[in-house]
Amino acid sequence: MKTVLITGSSSGIGRSIAKRLNNKYNIVINYNKHKKQAIDLLLELRKSNPNVIAIKADVSNELEVNNMFEIAEKNFSNVDILVNNAGISHYSLVQETNYSDFKRVIETNLNSVFLCSKRAIPNMINNRYGVIINISSIWANGASMESAYSASKGAINSFTKSLAKELCYENIRVNAISPGVVNTEMMNRDFNEEEKEYIKSQIPFNRFASPDEIASLLEYLISDDASYITGEIININGGFSA
Ligand code: NAD
């Protein structure tokens with residue numbers, strides 16, 4: 001069975017991905033601060049699949065990333081599929097954004113993608129097999145009040161395309177999923193009910209995506225059914241455009 005490591009998978013989209021892939025893959029759950037949520041998920045998945053582990057790591061920290069991969073490889077010998085999902089949002093005008101907040105968003109959303117990919121790639125090359133999926137966002141196109149977040153996601157898109165070009169000779173596919181608005185804690189934390197209704201009214205489908213709809217696309221993209229797809233930023237947004 002192949003092994004998939006999903007960063008930031010104690011909640012939201014990552015959690016749905018872990019649930020959807022359970023029993024079909026060995027699962028590595030990664031969490032940083034939400035230990036209880038991660039352990040609850042671990043216990044739920046283990047009811048039907050013994051091949052699930054949960055590892056604490058701040059994915060913006062190189063030592064912790066390397067340690068996470070060592071533990072994953074000790075358990076499952078290899079990480080075949082990497083899902084760079086962990087991310088944080090931040091809302092403020094540029095002139096009101098603290099430099100420390102700007103750096104935290106870039107380190108969490110973008111540097112983590114570099115660190116996890118860098119650590120995963122050598123084994124993938126040895127095995128002549130690998131899949132990397134980066135979770136981008138519709139706001140990669142630029143969003144008012146979200147300059148740090150948008151910059152991090154825009155950079156993820158160009159990183160995805162560059163990495164795909166580097167790795168296409170090694171049978172390693174690299175793609176990004178670019179969701180519109182997804183019904184997760186990130187949305188609930190950042191917007192009140194009135195704001196959410198307004199955003200929904202701007203979306204042709206008049207609703208947010210469920211996290212499982214993102215997981216469904218991801219399941220296809222990591223499968224061999226998507227064997228000819230690499231270097232793509234795949235939109236999934238209910239007709240919403242930025
Ligand atoms: P979420 O807040 O539920 O999930 C993000 C996860 O990342 C959390 O579990 C969080 O603890 C984890 N995380 C944050 N910093 C971390 C770190 N340093 N190390 C390890 N884990 C860390 O929100 P979500 O909506 O599920 O977000 C998942 C991804 O989807 C993010 O990259 C987000 O930018 C992206 N996204 C979300 C939406 C949306 O509307 N919800 C839209 C487009 C893209």
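Mentor: Start with Gly-87, where a backbone N or O atom lies 3.5 Å from an oxygen atom of the ligand. That is a polar contact, a pair of N or O atoms within 3.5 Å (within protein, one must be able to donate a hydrogen and the other to accept it, and residues adjacent in sequence count only if both atoms are side-chain atoms). Before going on, note that this is a predicted model, in which local features need pLDDT of at least 70, side-chain atom pairs count only at pLDDT 80 or more, and totals for chains, interfaces and linings use all residues. Residues are numbered from 1 along each chain as its sequence is written, and side-chain values use heavy atoms, with hydrogens and water left out.

A backbone N or O atom of Asn-85 lies 2.7 Å from a ligand oxygen atom. Thr-184 uses a polar side-chain atom instead, 2.6 Å from an oxygen atom of the ligand. On its own the ligand has 820 Å² of accessible area, and the protein covers 94% of that; the areas come from the Shrake-Rupley method with a 1.4 Å probe, and for residues only the protein chains shown count as cover.

Around the ligand there are 29 residues, and Asn-85 and Thr-184 are among those that come nearest, together with Ser-11, Ile-13 and Tyr-149. A residue is near if one of its heavy atoms lies within 4 Å of the molecule or strand in question. By class, the shell has 12 nonpolar, 14 polar and 3 charged residues. Here Ala, Val, Leu, Ile, Met, Phe, Trp, Tyr, Cys and Pro count as nonpolar, Asp, Glu, Lys and Arg as charged, and the others, Gly among them, as polar.

Which helices supply the shell? H1, H5 (147-167) and H6 (185-190) each give at least two residues, and H6 gives the most, with 3. Helices (H or I, at least four residues) and strands (E, at least two) are DSSP runs, numbered from the N terminus.

Seven strands form an open sheet in the order E3-E2-E1-E4-E5-E6-E7, with parallel pairing; two strands pair if DSSP finds at least two bridges between them. E3 (52-56) and E7 (233-236) stand at the edges with a single partner strand each, so one side of each is left without a neighbour in the sheet.
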